[in-house]
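Here is a short briefing to read alongside the model.

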Amino acid sequence: MARVVGMSVKTQEMKEVMDVPSKEGLTVKLEISVLYHLNPEKAAEVYKTVGEDYQSIILEPQFRSVTRGVTAMYEA
């Protein structure tokens, strides 16, 4: 039996409000967003390896990590 799982390939926006450290160690509150989309050619592979909830498993942690890494290079 086959089951069809719908996964959006439209461009989507993810917004975050974060407290991140600056170069001096001060905490800065940021409101940031990212535009992303699922590559249609990779959708089946993403579903098999990660699942339907790829946003919270892959995108959100990477987005937060990169944001903290970038803001740590700049002064408040």
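Phenylalanine 63 lies in helix α2, where helices (H or I, at least four residues) and strands (E, at least two) are DSSP runs numbered from the N terminus. This is a predicted model, in which local features need pLDDT of at least 70 and side-chain atom pairs count only at pLDDT 80 or more, while totals for chains, interfaces and linings use all residues. Residues are numbered from 1 along each chain as its sequence is written, and side-chain values use heavy atoms, with hydrogens and water left out.

- With a relative accessible area of 13%, phenylalanine 63 is buried; buried means under 20% relative accessible area, exposed means over 50%, and partly exposed lies in between (1.4 Å probe, protein chains only).
- Not counting residues up to four places away in sequence, phenylalanine 63 touches Met14, Glu16, Ile32, Ser33 and Val34, a contact being heavy atoms within 4.5 Å.
- The C-alpha atoms of phenylalanine 63 and glutamate 16 are separated by 9.2 Å, although these residues are 47 residues apart along the chain.
- Glutamate 16 has isoleucine 32 in β2 as its bridge partner, and both of these residues are in contact with phenylalanine 63.
- The largest nonpolar core has eight residues, Met7, Met14, Tyr36, Leu38, Ala43, Val46, Tyr54 and Phe63; such a core is a set of buried Ala, Val, Leu, Ile, Met, Phe, Trp, Tyr and Cys residues joined through side-chain atoms within 4.5 Å.
- Two or more residues of this core come from each of α1 and α2.
- As background, nonpolar side chains tend to be buried together in soluble globular proteins.

**Helix α2 and its proline**

- The buried residues of α2 are Tyr54, Gln55, Phe63, Thr67 and Thr71, and they pack against β1, β2 and α1 (43-49).
- Does the end-to-end span of α2 agree or disagree with its residue count? At 1.5 Å a residue, its 18 residues should span 26 Å, and the end C-alpha atoms are 25 Å apart, so the two agree; the expected span is 1.5 Å times one less than the number of residues.
- A kink of about 25° lies at glutamate 60, shortly before proline 61; the bend at a residue is the angle between axes fitted to the seven residues ending there and the seven starting there.
- Proline 61 has its place in helix α2 (residues 54-71) and counts as partly exposed, at 38% relative accessibility.
- Leaving aside neighbours within four places in sequence, proline 61 is in contact with Gln55 and Ser56.

**The β1–β2 hairpin**

- Strands β1 (residues 12-21) and β2 (residues 27-36) run antiparallel and are joined by 10 bridges; two strands pair if DSSP finds at least two bridges between them.
- Five residues sit between the strands of this hairpin, where glycine 25 takes a positive phi near 95°.
- Aspartate 19 is found in strand β1, and lysine 29 is its bridge partner in β2.
- Aspartate 19 is partly exposed, with a relative accessible area of 47%.
- Not counting residues up to four places away in sequence, aspartate 19 touches Thr27, Val28, Lys29 and Arg68.
- The C-alpha atoms of aspartate 19 and leucine 35 are 20 Å from each other, with the two residues 16 residues apart along the chain.

**The loop between β1 and β2**

- Serine 22 touches Val28, Thr71, Ala72, Tyr74, Glu75 and Ala76, not counting residues up to four places away in sequence.
- Glutamate 24 also has its place in the loop between β1 and β2, and this residue is partly exposed, with a relative accessible area of 43%.
- A polar contact of 2.7 Å joins the side chains of glutamate 24 and serine 22; a polar contact is a pair of N or O atoms within 3.5 Å, and within protein one must be able to donate a hydrogen and the other to accept it, while residues adjacent in sequence count only if both atoms are side-chain atoms.
- A polar atom of the glutamate 24 side chain lies 3.0 Å from the backbone nitrogen of alanine 76.
- Leaving aside neighbours within four places in sequence, glutamate 24 is in contact with Tyr74, Glu75 and Ala76.
- Glutamate 24 and lysine 10 are 14 residues apart in sequence and 39 Å apart in space, C-alpha to C-alpha.
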